[in-house]
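Dear colleague, please find below some numbered remarks on the model shown here. They are written for a reader who is new to protein structures.

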Amino acid sequence: MPDRALESIEGSIACLEAAAGRNMTCSSAVNLDAFANTFAFEDWSALLTFLHESVILLDKRTAQITRVLPTDMRTAWEFLADSKKLSAWMFPAEFESRAGAPFNFAPEGWHGKIGVFEEGRELRFDAVAGGWTWFSLDSIDGETMFKLRDYMAPDLIVPDDARTGTDSLAEEQPGGEGTHWQGVLSGWHCGVDDLRSEFSGVNQAWDYEALTRLYKILIEDYHRPY
């Protein structure tokens, strides 16, 4: 059975080809930039970069995104375990760097305790609502492999301030309660790119609206019935 979108690059490309229509495929190099333009990306290179670095869904409730950070693990760790430095690429955060410490994140209502704290390597924020966000670091050829996993509480629904103007849960969360919506995945995508830019000095100038539209298409495909 072929992969769905957000399971592999091939699955995501197949999804986008279906969304673009039969006259827009990736089979001809001549059409690649036009294909990317269909989704408001500047060219095929930009779209391919997105696909290679997009969030993947490990299961219905768990998203993962990975980046290689051009720095050592010790320096990278500071941007995870120091609340001020975390706020530079994620969002405002208050916490102490120790297991069991309480945390508070913006947006309002995202709070809980640090469930896992392994100095220099692993940090997990366990939310009162039932979900969690987990960061891990590994050394790779003098650089650092960063992974973020985000698990949704089974009964979590899109908060009012994140809705896009529709009252339909199926429209906002194609996978139903406790699954990711496009704004969450787009936010993580931009956030980890900002983290990488802290060390590379290169900013990835995404069109956020294009990013959210694309993630919406991909999320819907992932949750489609067989």
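1. Which side-chain oxygen reaches the backbone nitrogen of Arg74 at the start of α4? In this predicted model, a side-chain oxygen of Asp72 comes to within 3.1 Å of that nitrogen. Helix α4 covers residues 73–81, and its buried residues are Met73, Ala76, Trp77, Phe79, Leu80 and Ala81.

2. Helix α3, residues 44–53, also has a cap at its N-terminal end, provided by Asp43. Here a side-chain oxygen lies 3.3 Å from the backbone nitrogen of Ser45. The buried residues of α3 are Trp44, Leu47, Phe50, Leu51 and Glu53. These buried residues pack against the helices α1 (9–20), α2 (32–38), α7 and α8 (208–222), and against strand β2.

3. Setting aside residues up to four places away in sequence, Phe50 touches Phe41, His189, Trp206, Leu211, Leu214, Tyr215 and Leu218. As general background, nonpolar side chains tend to be buried together in soluble globular proteins.

4. The strands β1 (residues 56–59) and β2 (residues 62–69) pair in the antiparallel sense over three bridges. They form a hairpin, with two residues between the strands. At one of its bridges, Asp59 is partnered by Thr62 of β2.

5. Is Thr62 buried or exposed? Thr62 counts as buried because its relative accessibility is 7%, and the cut-off for buried is under 20%. Not counting residues up to four places away in sequence, Thr62 touches Ile56, Leu57, Trp132, Asp150, Tyr151 and His180.

6. Thr179 is placed in the loop between α6 (169–172) and α7 (182–200). A polar atom of the Thr179 side chain lies 2.6 Å from the backbone oxygen of Gly176. Apart from neighbours within four places in sequence, Thr179 is in contact with Lys60, Arg61, Met152, Leu156, Gln173 and His223. The C-alpha atoms of Thr179 and Tyr151 are separated by 8.5 Å, although these residues stand 28 residues apart along the chain.

7. How many disulfides does the structure hold? The number is zero. Cys190 is in no disulfide, and the nearest cysteine sulfur, that of Cys15, is 19 Å away. Since a disulfide requires the two sulfur atoms to be within 2.5 Å, these two cysteines are not joined. Cys15 is buried, with a relative accessible area of 8%.

8. Finally, some remarks on the protein as a whole. Its secondary structure comes to eight helices and eight strands. The C-alpha trace spans about 55 × 45 × 30 Å along its principal axes. For 226 residues, a compact globule would have a radius of gyration near 17 Å, and the value of 18 Å for the protein agrees with this. Of the 226 residues, 43% count as buried. Among contacts between residues at least 6 apart in sequence, 50% join residues at least 24 apart.

Conventions
Residues are numbered from 1 along each chain as its sequence is written. This is a predicted model: local features need pLDDT of at least 70, side-chain atom pairs count only at pLDDT 80 or more; totals for chains, interfaces and linings use all residues. Side-chain values use heavy atoms; hydrogens and water are left out. Helices (H or I, at least four residues) and strands (E, at least two) are DSSP runs, numbered from the N terminus. Contact means heavy atoms within 4.5 Å. A polar contact is a pair of N or O atoms within 3.5 Å; within protein, one must be able to donate a hydrogen and the other to accept it, and residues adjacent in sequence count only if both atoms are side-chain atoms. Two strands pair if DSSP finds at least two bridges between them. Buried means under 20% relative accessible area, exposed over 50%, partly exposed in between (1.4 Å probe, protein chains only). The radius of gyration is taken over C-alpha atoms; the globule rule is 2.2 Å times the number of residues to the power 0.38.
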